[in-house]
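Please examine the structure shown below.

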Amino acid sequence: ALLPYVPRVPPTALPGKVTATTFALEMPCCVFDQDTNASDTVWLVVAFANASDTFRNPPSRADVPPYERLPTAHSYMTLETVVTAYSCSAPSTAVLRVGGDTACGGQGGRDPCNGPLPSPGPYRVKFLVMGCHGPKAETRWSDPILLRRATSLTTIDPAPKRRGSDVVIITCILASLGAALAVAVLGAVGAVVWGSLCRQDLGTSAFAHRSYRTHHIPPALPQPLPPGCRCSPPGLGCFTPRPPGPCPGK
């Protein structure tokens, strides 16, 4: 039987609703109450969106495609649950976590597993009711569900080194700017001090120059010797002439 129910991701805000390897689905409460009995089980079929049309329901539990075959078969079945878990009495706030079992991959494909999804997808899902004699009912396929893209380890590992190099470069630039600023400040202070000293020296020189012009007495020009005295040896100064008298030796 084809049931009208369409699986979907909860529209409300939910932590981790869609991650790089998992997503949450609304609980399909009151969906399988008809044409089922307590011994039936409900499976979740997960397939790549472009492979959902080619998926064929397995005729028995032994033919259920396992999680490990997703890369090659493009689909698998998981979350085997008794049909009574989805009755109308089930809590409506509960959700189903697809891809939440990180321990998957070690069973060798023998048991159903709800392992992390290996790529962003997109994926489509549907619920399939399995009885003792094979499939009994199924829901419609969901709309495509696209996961978030995860950053690979090859791009994460070198990041601290690049950040460290950037820090070193920025530190060197800041140190250079600090040195240039210090030189500029010292230069400005030196210019102020030098200007002050120059002004002081200029003031002293100006004062000395003005003092020289104000108090300088020009040297006396040589005066002719007084008449009547010609016997003084050359180079002696001029003295006040005494009253005329006879020169020695005359």
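In the classification of residues used here, Ala, Val, Leu, Ile, Met, Phe, Trp, Tyr, Cys and Pro count as nonpolar, Asp, Glu, Lys and Arg as charged, and the others, Gly among them, as polar. The model is predicted, so that local features need pLDDT of at least 70 and side-chain atom pairs count only at pLDDT 80 or more, while totals for chains, interfaces and linings use all residues. Residues are numbered from 1 along each chain as its sequence is written, and side-chain values use heavy atoms, with hydrogens and water left out.

Rolling a probe the size of a water molecule over the atoms shows where empty space is left. A cavity is a set of points, on a 1 Å grid over the protein atoms alone, where a 1.4 Å probe fits but cannot get out; lining residues have an atom within 4 Å of a point. Grid points are joined across faces, edges and corners, and a volume is the space filled by probe spheres set on the points. One cavity of 30 Å³ or more is counted, and the largest cavity holds about 30 Å³ of space. Its lining consists of Ala1, Leu3, Val31, Phe32, Gln34, Asp35, Thr36, Val129 and Ala137; six of the lining residues are nonpolar, two polar and one charged.

Helices (H or I, at least four residues) and strands (E, at least two) are DSSP runs, numbered from the N terminus. The chain has three helices and six strands, in the order β-β-α-β-β-β-β-α-α from the N terminus on. Two strands pair if DSSP finds at least two bridges between them. Four strands form an open sheet with antiparallel pairing in the order E3-E2-E5-E6. Strand E3 (75–82) and strand E6 (134–138) stand at its edges; each has a single partner strand, so one side of each lacks a neighbour in the sheet. Strand E2 (residues 41–48) pairs with E3 in the antiparallel sense over six bridges, and Met77 in E3 is the bridge partner of Val45.

Accessibility classes are buried (under 20% relative accessible area), exposed (over 50%) and partly exposed (in between), with a 1.4 Å probe and protein chains only. Of the 250 residues of the chain, 27% count as buried. Thr78, in strand E3, counts as buried because its relative accessibility is 1%. Thr21, in the segment before strand E1 (23–26), counts as partly exposed because its relative accessibility is 32%. The C-alpha atoms of Thr21 and Thr102 are separated by 9.9 Å, although these residues are 81 residues apart along the chain.

Methods: 1 Å grid on protein atoms, 1.4 Å probe; cavity = no way out; pocket = protein on both sides within 12 Å on 5 of 7 lines; lining within 4 Å.
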